[in-house]
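Please look over the sequence and the model before reading on.

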Amino acid sequence: QAQLVELGGGSVQAGGSLRLSCTASESTYMSRSLAWFRQAPGKEREGVAAIKYDGNTVYARTMEGRFTISKDNANYTLYLQMSSLRPEDTAMYYCAAGTAYTLMPKLYYSWGQGTQVTVSS
């Protein structure tokens, strides 16, 4: 049984918006940190945003102000609201659960299967 399942990817024009969701099992959702990462073809996986168990958030510099991470404790769901999307935001987006409040992928132990986001110019 998958511990993290992402939904909401798709294709959008530059300047548009998308909202990704990630439903977790209860135990996975209770991790110290939940986060979104992305990986474009030929590039390393990079952190997008993380949210700590207490609601504190951190963003990668290039996403701050355009992306918003949030979570719904009642439904064990993580969200990523993306606006002002750019072609360079095109990537596979993954949600993850980890033991540290960070944007370093190696500190996350549970990963979803990913959802594709494509932004056209």
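This is a predicted model: local features need pLDDT of at least 70, side-chain atom pairs count only at pLDDT 80 or more; totals for chains, interfaces and linings use all residues.

The points below go from the whole chain to single residues.

1. Secondary structure. The chain holds one helix and 11 strands. What pattern does the chain follow along the sequence? It reads β-β-β-α-β-β-β-β-β-β-β-β. The radius of gyration is 13 Å, close to the 14 Å that the globule rule gives for 121 residues, so the chain is as compact as a globular protein of that length.

2. Extent and burial. The C-alpha trace spans about 40 × 25 × 25 Å along its principal axes. Of the 121 residues, 44% are buried. The chain exposes about 6200 Å². Carbon and sulfur atoms supply 48% of that area.

3. Contacts along the sequence. Take the contacts between residues at least 6 apart in sequence. Among these, 59% join residues at least 24 apart.

4. Charges. There are 11 positive and 9 negative side chains. The centres of the two sets lie 4 Å apart. How many salt bridges does the count give? It comes to three.

5. The salt-bridge network. Which residues are linked in a network of salt bridges? They are R38, E46, R66 and D89.

6. R38 with E46. Their side chains meet in a salt bridge, at 2.6 Å from N to O. Is R38 buried or exposed? R38 has 6% relative accessibility, so it counts as buried, the cut-off being under 20%. E46 has 34% relative accessibility and counts as partly exposed.

7. D89 with R38. This salt bridge is 2.8 Å, N to O. D89 lies in the loop between β8 (77-82) and β9 (91-98), while R38 lies in strand β4 (residues 33-39), so the pair ties together parts that are 51 residues apart in sequence. Both D89 and R38 are buried.

8. D89 with R66. The side chains of D89 and R66 also meet in a salt bridge, at 2.8 Å from N to O. R66 lies in the loop between β6 (57-59) and β7 (67-72), and D89 in the loop between β8 and β9, so this pair ties together parts that are 23 residues apart in sequence. D89 is buried, with a relative accessible area of 1%. R66 is buried too, with a relative accessible area of 8%.

9. Backbone at Y76. Most residues other than glycine have a negative phi. Y76 is not a glycine, yet its phi is positive, about 55 degrees. Where is the place of Y76? Y76 sits in the loop between β7 and β8. Its relative accessibility is 24%, and Y76 counts as partly exposed.

10. Backbone at S84. Phi of S84 is near 50 degrees, again a positive value in a residue other than glycine. S84 is placed in the loop between β8 and β9. D89 lies in the loop between β8 and β9 as well. Is S84 buried or partly exposed? At 42% relative accessibility, S84 counts as partly exposed, whereas D89 is buried.

11. What to look at again. Start with D89, whose side chain meets R38 and R66. Then follow R38 on to E46. Finish with the positive phi values of Y76 and S84.

Technical notes. Residues are numbered from 1 along each chain as its sequence is written. Side-chain values use heavy atoms; hydrogens and water are left out. Helices (H or I, at least four residues) and strands (E, at least two) are DSSP runs, numbered from the N terminus. The radius of gyration is taken over C-alpha atoms; the globule rule is 2.2 Å times the number of residues to the power 0.38. Buried means under 20% relative accessible area, exposed over 50%, partly exposed in between (1.4 Å probe, protein chains only). Contact means heavy atoms within 4.5 Å. Accessible areas come from the Shrake-Rupley method with a 1.4 Å probe; for residues, only the protein chains shown count as cover. Lys and Arg count as positive and Asp and Glu as negative; His and the chain ends are not counted. The place of a charge is taken as NZ of Lys, CZ of Arg, CG of Asp or CD of Glu. A salt bridge is a side-chain nitrogen of Lys or Arg within 4 Å of a carboxyl oxygen of Asp or Glu.
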